[in-house]
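Good morning, and thank you for making the time. Please take a look at the model on the screen before I go through it.

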Amino acid sequence: MKHCSYILMLILLSGCGGFRGGIESSPYVEGQEPQESRTGPPWSHELTFSDLTVELSLNNRVRTYQYEVMLFVIPTYLNFWEEFQHRDADALELTVRVTAHGSTVTLDPRHLRLTVEQEEFRPTGVWMNNLERERQVIDTYVDALKQASADRPPAIPRSSEWRDPVMGPVTIHPGEKSPRFIVTFPVPLPSPERPLSLDLNPAISDTQHSNKPLIRFKSVRWSEGYS
């Protein structure tokens, strides 16, 4: 009987999960508006132009509800509120990556232009991840965690420890991907419901000298399950 109770408890624990969701900024260009809702984790959104593909994401995702269930049926916890998932961030961050297709592209993310409602903002900083230093920092943290006592764990590393500032433009040849850039703008996290737009043209040039349409952001519903 005791053995059966133990198995039942394991089944119940393994069946615990939940759902959460809210609103987020989804980029689009004129004539290609995004769907009203989407499911899954906050991966980057993709926009494809004639000569390049742009991956974009903003850190202004808002969570409005979360509830937990047992055996994915019985509710055990329910909460409604509005908070940014990156609530400790003090500025808006844009993550951007470009893939070139038909021609060579020169990208200088320091010249991107973001408009929030009617006010235009220029980047205050642009970084890209140094993958080698990222591995070193994380490996050092894991080693320190193994040696530390349970009551005195090492400080969790921050991504700023492996970011390098971007000081100039990057050339992207057809078939290549640019580094993943993190671009900071001097504006507090705006609600996804506020009008946002991004102008790529000051930051991108290509051999075809084609202007890119203005990228706008629309508030869409998001949801995801977890266990």
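Ile-215 touches Pro-27, Tyr-28, Val-29, Leu-47, Phe-49, Leu-56, Leu-196, Ser-197, Leu-198 and Leu-200, with residues up to four places away in sequence left out of the list. Contact here stands for heavy atoms within 4.5 Å. The model is a predicted one, in which local features need pLDDT of at least 70 and side-chain atom pairs count only at pLDDT 80 or more, while totals for chains, interfaces and linings use all residues. Residues are numbered from 1 along each chain as its sequence is written, and side-chain values use heavy atoms, with hydrogens and water left out.

Ile-215 also belongs to the largest nonpolar core, which has 33 residues; Ile-215, Leu-56, Leu-94, Leu-112 and Leu-198 are those with the most contacts inside it. A nonpolar core is a set of buried Ala, Val, Leu, Ile, Met, Phe, Trp, Tyr and Cys residues joined through side-chain atoms within 4.5 Å. Buried means under 20% relative accessible area and exposed over 50%, with partly exposed in between, using a 1.4 Å probe and protein chains only. Two or more residues of this core come from each of β4, β7 (92-100), β8 (105-107), β9 (113-116), β14, β15 (196-199) and β17 (215-226). The largest share, 5 residues, is given by β7. In soluble globular proteins, nonpolar side chains tend to be buried together.

Let me place these elements in the chain as a whole. Of the 227 residues in the chain, 38% are buried. Among contacts in the chain with a separation of 6 or more, 77% are between residues 24 or more positions apart.

I turn now to the sheets. In what order do the 6 strands of the open sheet run? The order is β3-β4-β7-β14-β11-β12, with antiparallel pairing; two strands pair if DSSP finds at least two bridges between them. The edges are taken by β3 (45-48) and β12 (163-165), each of which has a single partner strand, so one side of each is left without a neighbour in the sheet. From one strand to the next the twist averages 30°, where axes are lines fitted to C-alpha atoms, for helices over the stretch in contact, and angles run from 0 to 180 degrees between N-to-C directions.

Walking across this sheet, β3 pairs with β4 (residues 52-58) in the antiparallel sense over 4 bridges, and Glu-46 faces Glu-55 in β4. Next, β4 is joined to β7 by 7 bridges, again antiparallel, with Ser-57 opposite Thr-95 in β7. Strand β7 is mostly covered, since 7 of its 9 residues are buried. It then pairs with β14 in the antiparallel sense over 5 bridges, and there Glu-93 stands opposite Thr-184.

Is Thr-184 buried or exposed? At 11% relative accessibility, Thr-184 counts as buried. This residue lies in β14 (residues 181-185), and its contacts beyond four places in sequence are Ala-91, Leu-92, Glu-93, Pro-123, Thr-124, Gly-125 and Trp-127.

A further open sheet has 3 antiparallel strands in the order β13-β8-β16. Here β13 (170-172) and β16 (204-206) stand at the edges with a single partner strand each, so one side of each is left without a neighbour in the sheet. The twist averages 20° from one strand to the next. Strands β8 and β16 pair over 3 bridges in the antiparallel sense, and Thr-106 is opposite Ser-205 in β16.

Finally, some individual residues. Ser-219, in β17, is partly exposed at a relative accessible area of 23%. Leaving aside neighbours within four places in sequence, Ser-219 is in contact with Ile-23, Glu-24, Pro-192 and Glu-193. Ser-219 and Gly-22 lie 197 residues apart in sequence, yet 9.8 Å apart in space, C-alpha to C-alpha.

The charged end of Arg-61 sits over the ring of Trp-222, 3.6 Å from its centre; the rule asks for NZ of Lys or CZ of Arg within 6 Å of the ring centre and within 35 degrees of the ring normal.

Glu-117 is in the loop between β9 and β10 (119-121) and is partly exposed, with a relative accessible area of 41%. Its phi is near 55°, a positive value in a residue other than glycine. Thank you.
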